[in-house]
Amino acid sequence: MRFLSLSTLLLSLVTLASSQDTSLAAVRRAFNTANIPADAAITFDPSILFELAFPQTSGPPVEVHAGIQLPRNATAGPPTFSVRDTVVSPRQSFVVAAVDLDAPTPQNPTSAQIRHFLGGDFHPRAAVTLRTQTLANATAAISEFRQPTPPAGSDPHRYVFLLFNQPRGFGRQTLVNSTTPIQNFNISQFASEIGLGNPIGGTFILVGPDPTA
Ligand SMILES: *[C@@H]1O[C@H](CO)[C@@H](O)[C@H](O)[C@H]1NC(C)=O
Ligand SMILES: *[C@@H]1O[C@H](CO)[C@@H](O)[C@H](O)[C@H]1NC(C)=O
Ligand SMILES: *[C@@H]1O[C@H](CO)[C@@H](O)[C@H](O)[C@H]1NC(C)=O
Ligand SMILES: *[C@@H]1O[C@H](CO)[C@@H](O)[C@H](O)[C@H]1NC(C)=O
């Protein structure tokens, strides 16, 4: 089932006003409702609330909860990542990956997945609030963030951001580098080949084409 259900879209509209996720169960439910575990071939049973925010040129960052639909022009990024309600040691390292499951369209995703971000060596930097720790990278991304750009006429795409524990030796992986084509990436296959295990956290956004596209 590749189509976004009406309930997913309604859910995202109803919850548009709220900010970040505060419940792992709600995140898991949103992933299941949007059929992400099946379409991405992942097991999604998060143990950490992974938060995503998009800085804006003016005004506060747009905070994301799983399944929110954002106007494309709010997603220029690069986004910031944090973890919530979990105290993480500064020694712990994470990998973050972001993929578009619906390129070029949800009905016919022949070039999915598109890799929109891949980076390692994320460590908790500072407690922003008592509840939230920002994740800061200690090395450059393997695949820099690319803004969602669904083609004109497409339904909104699902852009899925996943947090993994970083295995030893990740910095020496050679499967993907900055020149590896971003099309037809497979996060499930990459995770299994690199030994990332299942994602420990995640979130996703829906983005449709620019109204001017
Ligand atoms: C995005 O575009 C809408 C109109 O399509 C506009 O109202 C809004 O201000 C724009 N936001 C940004 C961040 O440019
Ligand atoms: C963090 O990532 C950004 C984007 O990839 C990069 O420009 C920056 O140099 C990285 N930070 C460090 C400390 O390597
Ligand atoms: C990226 O990987 C390809 C294929 O493994 C390799 O040929 C190329 O030299 C690598 N590029 C860089 C910049 O490391
Ligand atoms: C991605 O790889 C998994 C195996 O890890 C496989 O089950 C799945 O079909 C692949 N997805 C695509 C789109 O090729």
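The questions and answers below walk through a predicted model of one protein chain with its ligands.

Trainee: How many helices and strands does the protein chain have, and which pattern do they follow along the sequence?

Mentor: This is a predicted model, and local features in it are described where pLDDT is at least 70. The protein chain has four helices and nine strands. Read along the sequence, these elements follow the pattern α-α-α-β-β-β-β-β-β-β-β-α-β.

Trainee: What percentage of the residues of the protein chain counts as buried?

Mentor: The accessible surface of the protein chain comes to about 10,100 Å², and 54% of that surface belongs to carbon and sulfur atoms. A residue is called buried when its relative accessible area is under 20%. Of the 213 residues of the protein chain, the share that counts as buried is 50%.

Trainee: Among contacts between residues at least 6 apart in sequence, what percentage joins residues at least 24 apart?

Mentor: Contact here means that heavy atoms lie within 4.5 Å. Among the contacts in the protein chain between residues at least 6 apart in sequence, the share that joins residues at least 24 apart is 76%.

Trainee: Which element supplies the largest share of the largest nonpolar core?

Mentor: The largest nonpolar core has 29 residues, and those with the most contacts inside it are Ile187, Phe190 and Phe204. At least two residues of this core come from each of α2, α3, β5, β8, α4 (187-194) and β9 (201-207). Another core, of 23 residues, lies apart from it and has Leu52, Val64, Leu135 and Ile205 among its members.

Trainee: Which residues does Ile187 contact, leaving aside its neighbours within four places in sequence?

Mentor: Once its neighbours within four places in sequence are left aside, the residues in contact with Ile187 are Ala40, Ile42, Ala97, Val99, Gln113, Leu162 and Phe164.

Trainee: Which residues of β5 point the other way from Phe94, Val96, Ala98 and Asp100?

Mentor: In a regular strand the side chains alternate between the two faces of the sheet. Strand β5 covers residues 94-100, and seven of its seven residues are buried. Phe94, Val96, Ala98 and Asp100 point one way, and the residues that point the other way are Val95, Ala97 and Val99.

Trainee: Which residue of β8 is the bridge partner of Val96?

Mentor: Strand β5 is joined by seven bridges to strand β8, which holds residues 157-165, and the two run antiparallel. Within β8, the bridge partner of Val96 is Leu163.

Trainee: Is Asp102 buried or exposed?

Mentor: Asp102 has its place in the loop between β5 and β6. Leaving aside neighbours within four places in sequence, Asp102 is in contact with Pro109, Ala112, Pro156, His157 and Arg158, and its side chain reaches the backbone nitrogen of Arg158 at 2.7 Å. Because the relative accessible area of Asp102 is 0%, Asp102 counts as buried.

Trainee: Which two residues are joined by a cis peptide bond with omega of about -5 degrees?

Mentor: Most residues other than glycine have a negative phi, and most peptide bonds are trans. The bond from Gly77 to Pro78 is cis, with omega near 0 degrees, and Pro78 lies in the loop between β3 (68-70) and β4 (80-84). Gln113 lies in the loop between β5 and β6 (114-127). The cis bond with omega of about -5 degrees joins Ala112 and Gln113.

Trainee: Why does Asn35 count as partly exposed?

Mentor: Asn35 has its place in the loop between α2 (24-33) and α3 (36-40), and its phi is near 60 degrees, a positive value in a residue other than glycine. Partly exposed covers the range between the buried limit of 20% and the exposed limit of 50%. Asn35 counts as partly exposed because its relative accessibility is 23%.

Trainee: What percentage of the accessible area of ligand 4 does the protein cover?

Mentor: Ligand 4 is surrounded by Asn186, Ser188 and Gln189. An oxygen atom of ligand 4 is 2.4 Å from an N or O atom in the side chain of Asn186, and an oxygen atom of ligand 4 is 2.7 Å from such an atom in the side chain of Ser188. Of the 360 Å² of accessible area that ligand 4 has on its own, the protein covers 42%.

Definitions and conventions. Residues numbered from 1 in each chain as written. Chains lettered and ligands numbered in written order. Predicted model: local features only at pLDDT ≥ 70, side-chain atom pairs only at ≥ 80, totals over all residues. Heavy atoms only, no water. Buried < 20%, exposed > 50% of the residue type's maximum accessible area, 1.4 Å probe, protein only. Pairing = 2+ DSSP bridges. Near = heavy atom within 4 Å. Polar contact = N/O pair within 3.5 Å; in protein donor to acceptor, adjacent residues only side chain to side chain. Areas by Shrake-Rupley, 256 points an atom, 1.4 Å probe, with all protein chains shown as cover. Core = buried A, V, L, I, M, F, W, Y, C linked by side-chain atoms within 4.5 Å.
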